[in-house]
Number of protein chains: 2
Amino acid sequence: MTYCVGLWLEQGLVMLADTRTNAGVDNISTFSKVYTATVPGERVLCLLSAGNLAITQAVWNRLGEGLTLEGEHHTLLTVPSMFRAAQLVGAAIRQVYQIDGPTLKDQGVGFDVSIMLGGQIAGGPVRLYLVYAAGNFIEATPDTPFLQIGEHKYGKPILDRALTHQTSLEGGVKLTLVSMDSTLRSNLTVGLPLDLVVYDTDSFQIRLQQRITEEDPYFRSLREAWSVALRDAYRQMPEPAWLQPAIPPVQGTSTAELGSGLNLGPIDILPD
Amino acid sequence: MTYCVGLWLEQGLVMLADTRTNAGVDNISTFSKVYTATVPGERVLCLLSAGNLAITQAVWNRLGEGLTLEGEHHTLLTVPSMFRAAQLVGAAIRQVYQIDGPTLKDQGVGFDVSIMLGGQIAGGPVRLYLVYAAGNFIEATPDTPFLQIGEHKYGKPILDRALTHQTSLEGGVKLTLVSMDSTLRSNLTVGLPLDLVVYDTDSFQIRLQQRITEEDPYFRSLREAWSVALRDAYRQMPEPAWLQPAIPPVQGTSTAELGSGLNLGPIDILPD
């Protein structure tokens, strides 16, 4: 699996991907899942991928060669808008599906790919899309300003609770790293190093494209601080009001049958 | 789906289940997933279930009637040890599988059931098991003092980070509720109310068996306090050391081609 997350914020984009690929737990490798297309001063596009590695690499190559969209040949460096860019990614996925799909299906392998696309092209706003294996796509909105692909469940609760479209880019970087850390700790198929991209709205150049390794001092300090903060936070939660004092241990073994029984649920009682 | 979690602690057991069942997102219901078998002073057993509701109800009924295990007829009120109790649950699952399994398979429905079993029988220690659909089972140990069934991913990171076998029962109650809250917020197939069981080691009676509704003042305050604590915690995380100041917006639209290109990953550069 994979975990990629993208934040669509007022100030710009934060996009983070792990680098682990695996064909079974005994065959893991490191591949970057981040792809960027930039024309400084004019466009920045960043793509993150999840799914079958052969499929995503085929999609990258087709995007590099360019595709014909409604009669015009385009690459990500020439499409006129982010919407067209998402269509181009979808078209690349469909092309790979036409070629590889039938044999994969014959051999019982799912056509598993999803691509997140974020960026800005001069004349338009920053947009963030999630393109599915069928080539169709959805877009992040202020109600849900983040998208995830791959192993998304572990890292979702913190984003559901803390992220808004108004979160700063610095806050977004912290939240994506915390979200990734939760996933790394609980799932072996997501692994370090990480690739992070940060983009400022209307800057038309990438502010940061960073590989974060296990030795990165900042990421280490964040992981440690987050663990400490969580443990402190749960200890400071109010005590359960309805929890009575402990029942003392029984002396010896009683076999009192009074009140014995099988109970389904807190209310219904099934007699033995 | 379902989310159930059980903690195996020095001081005893904490077991928590949601109550939502669903046959598609447009057909949800409330069913207790908690089943207890008690002989005060002699034994307390608590079971939590996940999976196909018809299967788990069939298992409950067979456990109520009793099964023959190595030549002896037993219910959960008579088995001589927790290990035998786990075997009894496994045997009940296999009996249901023999009867319902073939038709379910014919109709393309998986035989989906898992049951958590915690408790203590006089003469033995507190034990916590997870019984699979094949009737085989695993047991919690000090290395991993919790077990989960159903929709487990959202609520796992907090347990991975904060729970140990030495955590108090009060702490355990808070952690399971936080773990459940993370799941409730992020996944529609897990729903309130909750059923909570707390057992003290060597007490041979249930300290608490509680239904927690949306209106429960303690659970409401915990959810709110946890959200606030998480938001505070992420704000207090150190700032990303390698994140440079923001890039100012471009004035007008430049079409400078210098440095344009497609990049795969943070290192490799594919020329356009």
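Is A:Glu70 buried, partly exposed or exposed? With 64% relative accessibility, A:Glu70 counts as exposed, since exposed means over 50%. Keep in mind as you look around that this is a predicted model.

**How the two chains are arranged**

- Two copies of a chain are related by a rotation about an axis and a shift along it.

**The five-stranded sheet of chain A**

- In chain A, five strands form an open sheet with antiparallel pairing, in the order S12-S1-S2-S13-S14.
- Strand S12 (146–150) and S14 are at the edges of this sheet. Each has a single partner strand, so one side of each is left without a neighbour in the sheet.
- On average, neighbouring strands of the sheet are turned by 10° against each other, ignoring direction.
- Within the sheet, strand S2 (residues 12–17) of chain A runs antiparallel to S13(A), and six bridges join the two.
- To follow this pairing residue by residue, you can look at A:Leu13, whose bridge partner in S13(A) is A:Tyr199.
- Helix H4(A) lies across S1 (3–9), S2, S13 and S14 of chain A, and runs at about 20° to S2(A).

**Two helices packed in chain B**

- H4(B) packs against helix H5 (residues 217–236) of chain B at an angle of about 75°, with the axes 10 Å apart.
- That angle makes H4(B) roughly perpendicular to H5(B), because values from 65 to 115 degrees fall in that class.
- From H4(B), the residues that meet H5(B) are B:Lys174, B:Leu177, B:Val178, B:Asp181, B:Leu184 and B:Arg185.
- From H5(B), the residues in this contact are B:Tyr218, B:Phe219, B:Leu222, B:Arg223, B:Trp226 and B:Ser227.
- Sorted by class, the contact between H4(B) and H5(B) has seven nonpolar, one polar and four charged residues.

**Backbone details to look for**

- In chain A, the peptide bond from A:Leu192 to A:Pro193 is cis, with omega near -5°. A:Pro193 is placed in the loop between helix H4 (169–186) and strand S13 (194–200).
- In chain B, the peptide bond from B:Leu192 to B:Pro193 is cis too, with omega near -5°. B:Pro193 likewise is in the loop between H4 and S13 of chain B.
- A:Glu70, the residue in the opening question, has a positive phi of about 50° although it is not a glycine. Its place is the loop between strand S7 (67–69) and strand S8 (72–74) of chain A.
- A:Asp202 is another non-glycine residue with a positive phi, near 70°. You will find A:Asp202 in the loop between S13 and strand S14 (206–212) of chain A.
- At 32% relative accessibility, A:Asp202 counts as partly exposed, because its value lies between the limits of 20% and 50%.

Notes. Residues are numbered from 1 along each chain as its sequence is written. Chains are lettered from A and ligands numbered from 1 in the order in which they are written. This is a predicted model: local features need pLDDT of at least 70, side-chain atom pairs count only at pLDDT 80 or more; totals for chains, interfaces and linings use all residues. Side-chain values use heavy atoms; hydrogens and water are left out. Helices (H or I, at least four residues) and strands (E, at least two) are DSSP runs, numbered from the N terminus. Buried means under 20% relative accessible area, exposed over 50%, partly exposed in between (1.4 Å probe, protein chains only). Axes are lines fitted to C-alpha atoms, for helices over the stretch in contact, and angles run from 0 to 180 degrees between N-to-C directions. Angles under 35 degrees count as roughly parallel, over 145 as roughly antiparallel, 65 to 115 as roughly perpendicular and the rest as oblique. Contact means heavy atoms within 4.5 Å. Ala, Val, Leu, Ile, Met, Phe, Trp, Tyr, Cys and Pro count as nonpolar, Asp, Glu, Lys and Arg as charged, and the others, Gly among them, as polar. Two strands pair if DSSP finds at least two bridges between them.
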